[in-house]
Amino acid sequence: MSNFPANKIWKKCSRFTFGSLLLLLSCNIAYAKLVPYLQSPTESSIWVSWKTSSGNSSKVEYGLSADSLLLFSNGNTQALASDYLYHTTQLTHLQPDTTYFYRIITDNEVSDTYQFVTPPVKGDVSGHIRMLVMGDHQIRGENRYEQLVAAAKTKIEELYGLPIEKSINLVLNDGDQVDVGTLDHYENLHFAQSAAISPNVPIMTTVGNHEYYYDADLVKYGAHFIYDGYTYQGIEPASDESYYAYQIGRVLLIHMNSMRTDAAQEAWLRKVVNAGDADTSVDWMISVIHHPYQAEQYIGDISHKLRDSWMEILASSRKHVLNIAGHHHLYARGQTREWPIYHMISGGTAWDQYWGQSSEEDFDDVQKTIANWAWQIIDIDIASKKMTVETYGEAHPLRYKTEGFDMQSKLIDRFQRDLAATPPNKPSITNEISESITLPYTFQSTAFNSTQGDLINSTQYQIANDSEFKSLKVDKIRDYENIYGDTGAPLYEPVDLNRNVNILNWTVPNHGLPNGEYYLKTRHRSNNLEWSSWSDSVKFTVTGSTIGEPALLLSKIRYESGETVTVEYTGGYKNPKDWIGIYRVGQTPSSSSSSVKWQYVPNGAGVVNFESLADGEYFIAFFENNSYQEIASRVNLFIGAQVHLAIDKTQFADGETVTIDWQGASAGKKDWLGIYRVGQEPGGAGSTLWKYATTTDGLANFSGLGKGYYYATFMINDGYTEVSERLNFSVGTEITQVTLDKTRFEEGEEIVVMFNNGPGIPKDYMGIFAIDAIPGQTGSELISYLYFDGAVSGKVVFKQDNIPTGTYFVAMYTNDSYDQVSNRACFVVGDGSGCETQQPQSELTIPKASYTPEETIVLHWHNTPGNAKDWLGIYKAEHTPGDERAIQYSYLTGKTGSADFTSLAIGNYYAVIMLNDGYQEATQRVYFSVEAKAMAGDLNGDNSVTASDGLLLRKAFGKCEGTDGFLSDADLNQDGCINFSDYVRWLAIFRQQ
């Protein structure tokens, strides 16, 4: 515990009564090294935790005054390591909204005396609920976060004129409390650097991606934080405590896990939101998640699950007003386009992040992005039903290097939400349009007007080809301020792009719309996030413009060395000196940065060819009339040899290492292999795993991949230009999750099926079968099915026009086959037995996906029909039962059991259970392979042990399991790390060759 910052000496002879028992404590002198950490409060209880290096007792003495600690509570001690003892004690039977004094004791170590205040009674209609928001610590070797905590504490006590525990109720932490999930980081990063506040105010954490590093099952996270019994209306948290909900006063807090986007969490979220919406003691909902809803730096590195579906669930209740995230190490704030919900990034003091460092884009649902280390105070006035959020900046990461924390808690943002707010008045378009218009043209709306005195925050203009606004050409939201970018060195002050913009007007620029007929409308939004009604639409016709919109088109993005690049262009402005140029990636078109090749294109549409281009990365741009004004989206391409990727199989078991082989690379120092989930795009989302690949040919091992569908791709120069075909593979079985919002439907009622983590193949489909059907067998035909264009998540809606009364299941099947890739969701149409009365489906499982020829293969079956001649057959992967004979088989010995198989030759196989000596398949096929056993000491896979293997082992010295560069085959003594003792074992093998 020596790293916890406390060095006072406690000297006291303490004497107190408890009931009729008089206890006399011996007079001890001990260093007050113990620093408590408060968490998981309720109006009548709170958890106190702390760490020591020795001692087993976990005692808290507490009371209503500092000199009268008349109560005590003994807790539990976990030995997380020989010198890491973690103590937890729950104080119960407390009074709400009451100040308590306490100290913690382990053996003869005693802490200072601290105080905390319990939350108010749930549903209390008076007072304030205040929460401090911080997150993303990560930096173990510096005290950045400690400085942020201290600055926040000082400012909050100044704002409210009270000690921190009487000023705020709670600290909300939005994830990445650690850089890696080790005991060292929890002790010396999260707990040590939170110590200025943690003894006085409970801290509630959220799981980020860094909590999973070195702690994939969140064992250490769960050991430190106590959320397993922390429920809202009896709704239990995740079994690993990675998501949970609770109520403080009239506020419902919802902590989600952006690293685990499965159907179970989505169902839990729906349940919590529905319960909160119906709860009359709750006025406010605030959600906390690590990956954000949107981000203008490192674009695409967000929670797509939150953006695509979870926010809609949260928005189903108007009580949900704010979503808090971290992950990006700065401050950002915006509003969802339709719903009155703020989304905010509170990025703490983690690794430096600033403008010009990454891919960046100005999004209209982000009002400001400020690259400052900052914190927020959320102040909810319960009686008036108003929320105010203020953000205080402390430092810029680049100025910090010379100036330190120099902003002195500067107010950099303030926003509000009033639950009693009403929408502003409906605007109208003031232009009088009697004839066609020519561009440029400015549309104007009436002034913003609110009956309750709100100010304008945003306007939205839409232009469409049709009066119902289904075919939108313009859909733009603008805020009265748009903070994006900064002034650069030395001050790095934020820049407001809308400083001189009249957002009430919308100008269609020259060539901004092709010739044709259009409709336009607008609406206004208040600073309480309420939208007005849409204005009446106006109809107009554009003449004198282009025919169609400017665009560039390539037939492919990868070209062989020396291959001609053919570019098709359309929608040009027909100026005599409109031109198309090709540039190397990294160039900025200008008079001082010439294109590699270019051509004039005065015709508006046509084809141009670029020949004799050197190998490399390029982009093609379309420019207006001899200027550098681009009129179409750029297209990127790569010229050079294509890298070839290979994989030994495409299906892997959970936890199995995936090895990718690459050949034909250019050996660039920043070339890399990325693993992405199907549905994610490089540059639009962060890779799941990645490694540099700096040699012409090589192998890369990826471990720790969770269940899912993935692809590997090869990219160059630390960018996102793909120079290989994508290599698809999967990890685990029944990867896709299929859910229904209920299990019983009326005849004719629509059946909505939700899904996520699909394979992403165009002919994947959702199929409905009778409950006892075996898909693919005669008499078990599809009742109904729907394709969904290969989406990896979303929903399908069965209209139920051909589904009679009965009991069914729905599941996802891939690529027009009967290969089931999801769970089965049972439901009933009309009268009939419910799903709870149905027998569970027959199941065949195998412990892993690959074996050596010497290994015994054990197959397990469950819930089979129990016929005397039901049997288990093993077939080659390409064979069909009935057409070819089984390689091996065994009759089943009961409805549940197992069978062993040996002596299978090297190859790919599947196992399946069939009924009554026939070929009717009763289970899904289970695929596996038999592979040659790796030779001990052969690290490069060439089936021999040579000096090159020894060199690979020595290069891996010091690498441990879970770190980049660790070679599992080099860990010959299987101690989890590679060191000289492994080399000694390897050398003995080498000398025997």
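Contact here means heavy atoms within 4.5 Å. The model is predicted.

- The largest nonpolar core has 66 residues, and Met131, Ile286, Leu322 and Ile378 touch the most other members.
- Strand 24 (residues 373-381) gives this core its largest share, 6 residues.
- A second, separate core has 26 residues, among them Ile751, Phe755, Met766 and Val810.

**Helix 6**
- Helix 6 (residues 304-315) has 12 residues, which at 1.5 Å a residue should span 16 Å; its end C-alpha atoms are 16 Å apart, in agreement.
- Its buried residues include Lys305, Trp310 and Leu314.
- Among the elements covering the buried residues of helix 6 are helix 5 (263-278), strand 20 (320-325) and strand 53 (751-756).

**Salt bridges**
- The count of salt bridges is 41.
- Arg144 pairs with Asp352, with the closest N and O atoms 2.9 Å apart. Arg144 is in helix 1 (residues 144-160) and Asp352 is in the loop between strand 22 and strand 23, 208 residues apart.
- Arg144 counts as buried because its relative accessibility is 5%, and buried means under 20%.
- Glu142, Arg144, Asp352 and Lys401 are linked in a network of salt bridges.
- Lys155 and Glu158 form a salt bridge (3.3 Å, N to O); both lie in helix 1, 3 residues apart, about one turn of the helix.
- Lys155 is buried at 16% relative accessibility, whereas Glu158 is exposed at 56%.

How values were computed:
Residues are numbered from 1 along each chain as its sequence is written. This is a predicted model: local features need pLDDT of at least 70, side-chain atom pairs count only at pLDDT 80 or more; totals for chains, interfaces and linings use all residues. Side-chain values use heavy atoms; hydrogens and water are left out. A nonpolar core is a set of buried Ala, Val, Leu, Ile, Met, Phe, Trp, Tyr and Cys residues joined through side-chain atoms within 4.5 Å. Buried means under 20% relative accessible area, exposed over 50%, partly exposed in between (1.4 Å probe, protein chains only). Helices (H or I, at least four residues) and strands (E, at least two) are DSSP runs, numbered from the N terminus. The expected span of a helix is 1.5 Å times one less than its number of residues. A salt bridge is a side-chain nitrogen of Lys or Arg within 4 Å of a carboxyl oxygen of Asp or Glu.
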